[in-house]
Amino acid sequence: MKAGTAFSQNLPLEGGASSTTAVQTQAVPVELTRKYDVLVVGGGNAALCAAISARRSGSSVLVLEAAPKFYRGGNTRHTRNMRCAHDAATEILSGPYTEEEFWEDLLRVTGGQTDEELARFMIRESKEILNWIVEQGVRWQPSLGGTLSLGRTNSFFLGGGRAMLNALYLTAERLGVDVLYDAEVVDMDIRHGTFFSATVAYGGQRHEVRASSLVAAAGGFEANIEWLKQYWGDVAENFLIRGTPYNRGSMLKMLLDKGVQQIGDPTQCHAVAIDARAPKFDGGIITRLDCVVFGIVVNKNAERFYDEGEDIWPKRYAIWGRLVAAQPDQIAYIIFDGPSLELFMPSLYPPVKADTIQELAGKLGLDPQALEKTVETFNQAVRPGTFDHTILDDCRTEGLTPPKTHWARKIQTAPFYAYPVRPGITFTYLGTRVNKEARMIMANGQPSANMFAAGEIMAGNVLGKGYAAGIGMTIGSVFGRIAGREAAKNARN
Ligand SMILES: Cc1cc2nc3c(=O)[nH]c(=O)nc-3n(C[C@H](O)[C@H](O)[C@H](O)COP(=O)(O)OP(=O)(O)OC[C@H]3O[C@@H](n4cnc5c(N)ncnc54)[C@H](O)[C@@H]3O)c2cc1C
């Protein structure tokens, strides 16, 4: 047995508490035998925000992370930015993004399927997160350019999600938070809405860990293909999982089985079109394709199936995973020509390239005549306009079903290119219901005595469906911080 991490020297804590000192050792971690104030399950942004916040409130805290240290941090490792409301431009944000505007964006993308009170509360709290997260060691950088156009609304982590996580882990460790890796929670003793202990699989053995409060921050169930198949059927076999293989939903399932109220539709998730050549898990951001608006998208029958120019990309990129999931064999192909090649950020893999559409079809395994006909029909429907992919321009088709309502340009200049795409599942929305204290609500409507949740595992409270870039990290940071604070308060009482 080995301890998961080095523990801290004494550091000042909020509220005048002092931290414990422990030494990294290969021996059995004594921490597992003691009763902690707060047990945090998970190792991503939500977990670390909760752990730091609980520790700063004076609690002893243990973090159990299922992944090995190198892979710690779940999907958070892959992130780049976070969406927070702010009333004025900052060094890194090009203008104000008011609470009201954030709320309207959320309302639009979810189609109203959100808990308004909780969502507005989260948006209000997000304003403080911009500074709070910096106080925890995270650094911002100016917005990246590109098709997502997020310079005003989203703050980007300097060094990306991994650097952000490293900063949070460092702060947590310095404060005296105990962290154990390779430590999966496999069972929990929960009775009548009260958490007593968790069983953790560690070093080939099972250990019972006791704590006064629990914070569940163990992500969604997107990496559990068998669970996905319950709702999607066998098509889920063809889904690629963009993030960690460790988010198998084991915590979520245990909590729901033990009486926590479920929220969200199990088929709802964040899913984008990603390069079909991406690995099954953990391909991350570099496999995403943002070039739909520059071409047409066809299925394996070489037929178009949706308006590629419906709205600006940040508002539409997250529907394409589901659209591709509904196509035969869950595969599609983005087809474009030479002039568009350098207008977007490329994926890790080079596009398939050919001198003619027929040759391109051959390389993709599509019927060459069928693809040629689709491209020709599209080209004939394109009306003249002034192309500008940063606005809803006037380049559109006429008399075509489905139409392409913006950015429609003829695909006619060789070489021709294609990217094969599959549904890339980012994270699921099914979760545990919580209130404004991030406290879990039981199936009978009563708040749990001592169980809190943050991050993906409760995202469905805010995201009934749809997505706006950067909200995943907002949910984790806001509710993580609150969950930690409330869990600590609960432990004190
Ligand atoms: C490629 C990609 C890019 C993304 N980019 C962004 C972005 O730029 N901005 C944004 O807002 N969102 C982004 N997201 C979504 C974002 O990653 C999540 O919303 C956010 O990281 C969720 O944080 P979390 O702490 O809830 O979960 P995670 O960071 O996924 O952490 C969950 C943790 O729980 C652990 N775990 C699971 N089960 C157990 C168990 N039984 N016992 C112990 N530990 C367990 C896992 O190992 C993992 O460490 C992206 C996601 C992906 C996949």
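User: What order do the three strands of the open sheet take?
Analyst: The order is E3-E5-E4, with antiparallel pairing. Strands here are DSSP runs of E with at least two residues, helices are runs of H or I with at least four, and both are numbered from the N terminus. Two strands pair if DSSP finds at least two bridges between them. This is a predicted model, where local features need pLDDT of at least 70 and side-chain atom pairs count only at pLDDT 80 or more, while totals for chains, interfaces and linings use all residues. Residues are numbered from 1 along each chain as its sequence is written, and side-chain values use heavy atoms, leaving out hydrogens and water.

User: Which strands stand at the edges?
Analyst: Those are E3 (81–83) and E4 (140–141); each has a single partner strand, so one side of each is left without a neighbour in the sheet.

User: And how many bridges join E3 to E5?
Analyst: Three, with E5 covering residues 154–157. Met82 stands opposite Ser155 in E5.

User: New topic: E1. Why is it largely enclosed?
Analyst: Strand E1 (residues 35–41) has five of its seven residues buried, so the rest of the structure largely encloses it. Buried means under 20% relative accessible area, using a 1.4 Å probe and protein chains only.

User: Which strands does E1 pair with?
Analyst: One is E9 (residues 205–216), parallel to E1 over six bridges, where Val38 has Ser213 as its bridge partner. Another is E2 (residues 61–64), also parallel, joined to E1 by four bridges. There, Val40 stands opposite Val63.

User: What unit do E1, H1 and E2 make?
Analyst: With helix H1 (residues 45–56), they make a right-handed β-α-β unit. Right-handed means that, with the strands pointing away from the viewer, the path from the first strand over the helix to the second runs clockwise.

User: Now helix H5. Which residues are buried there?
Analyst: In H5 (residues 225–232), they are Ile225, Trp227, Leu228 and Lys229. These pack against strand E10 (240–241), helix H6 (250–257) and strand E16 (416–428), where contact means heavy atoms within 4.5 Å.

User: What comes just after H5?
Analyst: Gly233, which takes a positive phi of about 80°.

Notes
Buried < 20%, exposed > 50% of the residue type's maximum accessible area, 1.4 Å probe, protein only.
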